[in-house]
Number of protein chains: 2
Amino acid sequence: MPFKEIQNPQAIEDKSFAIITEELGPHSFTDREFPVVQRVIHASADFDLGRSLVFHPQAITAGIEAIRAGTPIIADVQMVAVGISAARLARFGNAVRVYIGDADVAAKAQAQSVTRAIMAMRKAAQDAPRGIYVIGNAPTALLELIRLTQAGVARPSLIIGVPVGFVSAAESKEQLMALDVPFIANRGRKGGSTIAVAIVNALAILAGQPES
Amino acid sequence: MPFKEIQNPQAIEDKSFAIITEELGPHSFTDREFPVVQRVIHASADFDLGRSLVFHPQAITAGIEAIRAGTPIIADVQMVAVGISAARLARFGNAVRVYIGDADVAAKAQAQSVTRAIMAMRKAAQDAPRGIYVIGNAPTALLELIRLTQAGVARPSLIIGVPVGFVSAAESKEQLMALDVPFIANRGRKGGSTIAVAIVNALAILAGQPES
């Protein structure tokens with residue numbers, strides 16, 4: 001097969017999205033959810049992962065409104081934080097925060113015998129109870145965020161919960177889906193930081209469009 | 001199903017790796033390649049992606065030796081750079097570098113009408129021609145690195161090439177596999193920053209073991 005390299009980033013993205021729409025075929029996502037699904041498939045080349053996404057009915061509206069209001073975005077790990085497009089958020093002024101590397105989080109986690117991921121969520125809930133929470137890596141962070149939300153300590157504008165893994169990941173996401181709070185999650189073991197980033201960046205693009 | 005949460009990070013990892021080994025079943029990876037395959041599956045929950053990995057016969061040895069020698073690690077994007085375990089590399093002193101955000105890279109890319117990913121690889125090849133190159137995101141970066149290697153401008157100690165996507169990703173990895181240089185890659189569209197990070201971190205663990 002002759003291979004013709006395309007170097008223009010926008011041309012690459014346009015062609016990718018056309019392939020994704022064609023190969024995905026029929027689906028039951030709404031017109032406003034579909035751009036998020038597309039970007040997840042774009043980031044993973046995994047149609048099953050795209051199909052596994054579950055949206056709370058208010059998720060897209062809540063996410064767009066929260067981004068436009070400049071709501072802080074809380075990431076569970078640094079990989080998620082640096083992947084979020086600062087350029088797309090600049091006009092809205094959302095801070096992107098990650099607490100897991102903080103010295104006080106590490107000290108308190110050790111003192112209280114819990115993971116740094118858990119202690120980072122507790123600090124986040126104090127700092128930004130109404131934040132957009134983005135969990136791409138650690139099921140223990142998502143489970144703690146669910147507890148904090150149930151306790152009324154956190155009242156997230158949106159929870160993006162797509163941790164990956166073999167222990168607790170699928171279960172943590174099922175617990176999230178039972179919560180009465182706007183969420184975007186997926187069923188099963190798959191997920192990860194790149195998936196979380198794709199969802200945030202898709203919402204940031206929607207927030208930047210006048211008609212969304 | 002009663003759900004018992006496990007919070008200890010090492011216990012979670014141990015259980016995850018046991019599940020992976022059991023569910024993967026028979027495979028043809030060597031004993032030294034298998035820890036890398038395990039960690040990729042751990043990062044993706046995707047057995048097909050793990051099975052799609054391809055190792056140059058010298059890849060593991062070259063990777064371990066390069067890490068132990070303190071060879072710089074060149075990442076294509078910031079998400080890869082921040083995901084690489086600084087703690088595991090500290091004893092070897094490997095710098096982790098990423099050029100795509102550099103102001104001079106952006107300026108030269110615009111002046112020469114190429115992507116920043118391409119220009120970043122050209123700068124990397126000047127700065128660290130013998131580096132460990134880790135491409136998790138951009139097929140255009142991998143294709144440029146292949147050209148630089150064929151031209152003798154870069155002489156990578158190891159190329160980890162696992163870009164994801166629908167345009168050029170699979171083709172770029174096939175070109176890498178035809179190169180006479182130590183590489184770790186995978187067949188097909190899947191891949192990504194978390195996969196690239198998993199491979200580097202698996203090699204860093206092997207480098208830290210006395211018998212590897």
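Colleague: How many cavities of 30 Å³ or more does the count come to?

Modeller: A cavity is a space where a 1.4 Å probe fits but cannot get out. In this predicted model, the count comes to one cavity of 30 Å³ or more. The largest cavity has a volume of about 150 Å³.

Colleague: Which residues are the closest to the centre of the largest cavity?

Modeller: The lining of the largest cavity holds 16 residues, and A:Ser44, A:Leu49, A:Gly191, B:Ser44 and B:Leu49 are the closest to the centre. At least two lining residues come from each of these helices: H2 (34–44) and H11 (193–208) of chain A, and H2 and H11 (193–207) of chain B. By kind, the lining residues divide into six nonpolar, six polar and four charged.

Colleague: How many aromatic pairs does a search of the whole structure find?

Modeller: The search finds four aromatic pairs over all chains. One of them joins A:Phe166 and B:Phe47, with 5.8 Å from centre to centre and 75° between the planes, an edge-to-face pair. This pair crosses between chains: A:Phe166 is in the loop between strand S5 (158–161) and helix H10 (169–177) of chain A, and B:Phe47 is in helix H3 (residues 47–51) of chain B.

Colleague: Are A:Phe166 and B:Phe47 buried or exposed?

Modeller: Both A:Phe166 and B:Phe47 are buried.

Colleague: Why is the pair of B:Phe29 and B:Phe55 edge-to-face?

Modeller: Planes over 60 degrees apart count as edge-to-face. The planes of B:Phe29 and B:Phe55 stand at 80°, with ring centres 5.8 Å apart, so the pair is edge-to-face. B:Phe29 lies in the loop between helix H1 (9–24) and helix H2 (34–44) of chain B and B:Phe55 in strand S1 (residues 53–55), so the pair ties together parts 26 residues apart in sequence. B:Phe29 and B:Phe55 are both buried.

Methods. Residues numbered from 1 in each chain as written. Chains lettered and ligands numbered in written order. Predicted model: local features only at pLDDT ≥ 70, side-chain atom pairs only at ≥ 80, totals over all residues. Heavy atoms only, no water. Phe/Tyr/Trp six-rings, centres within 6.5 Å; stacked < 30°, edge-to-face > 60°. Helix = DSSP H or I, 4+ residues; strand = E, 2+ residues; numbered from the N terminus. Buried < 20%, exposed > 50% of the residue type's maximum accessible area, 1.4 Å probe, protein only. 1 Å grid on protein atoms, 1.4 Å probe; cavity = no way out; pocket = protein on both sides within 12 Å on 5 of 7 lines; lining within 4 Å. Points joined across faces, edges and corners; volume = space filled by probe spheres on them. Nonpolar A, V, L, I, M, F, W, Y, C, P; charged D, E, K, R; others polar.
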